[in-house]
Amino acid sequence: MAEIKFEAFVEAWTKNSDEHPAWGIKSAETHRKKNEEGTYETIGRTFRTVKVSRASGIDLSPFVKGDRVKVVGQESTETREYEGKKYYDLVVWAESVTASERGQSQAPAAQDEPWAATPPAASTHTPPAGNYDSETPF
């Protein structure tokens, strides 16, 4: 697992439901570049599933589709097979998930960014070994 810090939009949990459980959200991080006219265009997106353990005390239920969030945690790739085809999911075990101020009337100060100049303090939460613990509801 590798430590990761990113800002992304909350996506629908499934095709049929926007609601997500309190222990997980789907996110989409956009990648943009400036085109010849000087405007920015989206050239790609990275989709991740953000999960929290019960021991973390983090509740993801306040976040809804379209919210922009900042996530700090440990990222790993999970492999699954369905009908003979392999699928690879990027999963982040979050140490913190906060609402982003970006795009609102006031720009956040540099010290508000978890990945700004100074490294974050050591977290008191350690993701469970093997990404799972006995209390995880799935």
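Guide: A polar contact is a pair of N or O atoms within 3.5 Å; within protein, one must be able to donate a hydrogen and the other to accept it. The model discussed here is predicted.

Visitor: With which side chain does the side chain of Glu29 make a polar contact?

Guide: Glu29 is found in strand β2. Leaving aside neighbours within four places in sequence, the residues in contact with Glu29 include Phe6, Gly44 and Arg48. The polar contact of the Glu29 side chain, at 2.7 Å, is with the side chain of Arg48.

Visitor: Is Glu29 buried or exposed?

Guide: The cut-off for buried is under 20% relative accessible area. Glu29 has 18% relative accessibility, so the residue counts as buried.

Visitor: Which residue meets Arg48 in a salt bridge at 2.6 Å, N to O?

Guide: Arg48 lies in strand β3, and its partner is in strand β4 (residues 68–82), 27 residues apart. Both partners are buried. The side chain that meets Arg48 at 2.6 Å is that of Glu75.

Visitor: How far apart are the closest N and O atoms of Lys51 and Glu78?

Guide: Lys51 is in strand β3 and Glu78 in strand β4. Both residues are buried. They form a salt bridge, for which the cut-off is 4 Å, and the closest N and O atoms are 3.9 Å apart.

Visitor: How many residues apart in sequence are the parts tied together by Arg45 and Glu11?

Guide: The side chains of Arg45 and Glu11 meet in a salt bridge of 3.9 Å, N to O. Arg45 is partly exposed, with a relative accessible area of 44%. Arg45 lies in strand β3 (residues 40–51) and Glu11 in strand β1, so the parts tied together are apart in sequence by 34 residues.

Visitor: Which element gives the most to the lining of the largest pocket?

Guide: The largest pocket has a volume of about 210 Å³. Two or more lining residues come from each of β1 (2–11) and β2 (24–34). With four residues, the element that gives the most is β2.

Visitor: How many residues of the lining of the largest pocket are charged?

Guide: The lining includes Glu7, Glu29, Arg32, Arg68 and Arg102, and Glu and Arg count as charged. Also among the lining residues are Ala8, Phe9 and Thr30. The lining divides into three nonpolar residues and one polar, while the charged residues number five.

Definitions and conventions:
Residues numbered from 1 in each chain as written. Predicted model: local features only at pLDDT ≥ 70, side-chain atom pairs only at ≥ 80, totals over all residues. Heavy atoms only, no water. 1 Å grid on protein atoms, 1.4 Å probe; cavity = no way out; pocket = protein on both sides within 12 Å on 5 of 7 lines; lining within 4 Å. Points joined across faces, edges and corners; volume = space filled by probe spheres on them. Buried < 20%, exposed > 50% of the residue type's maximum accessible area, 1.4 Å probe, protein only. Contact = heavy atoms within 4.5 Å.
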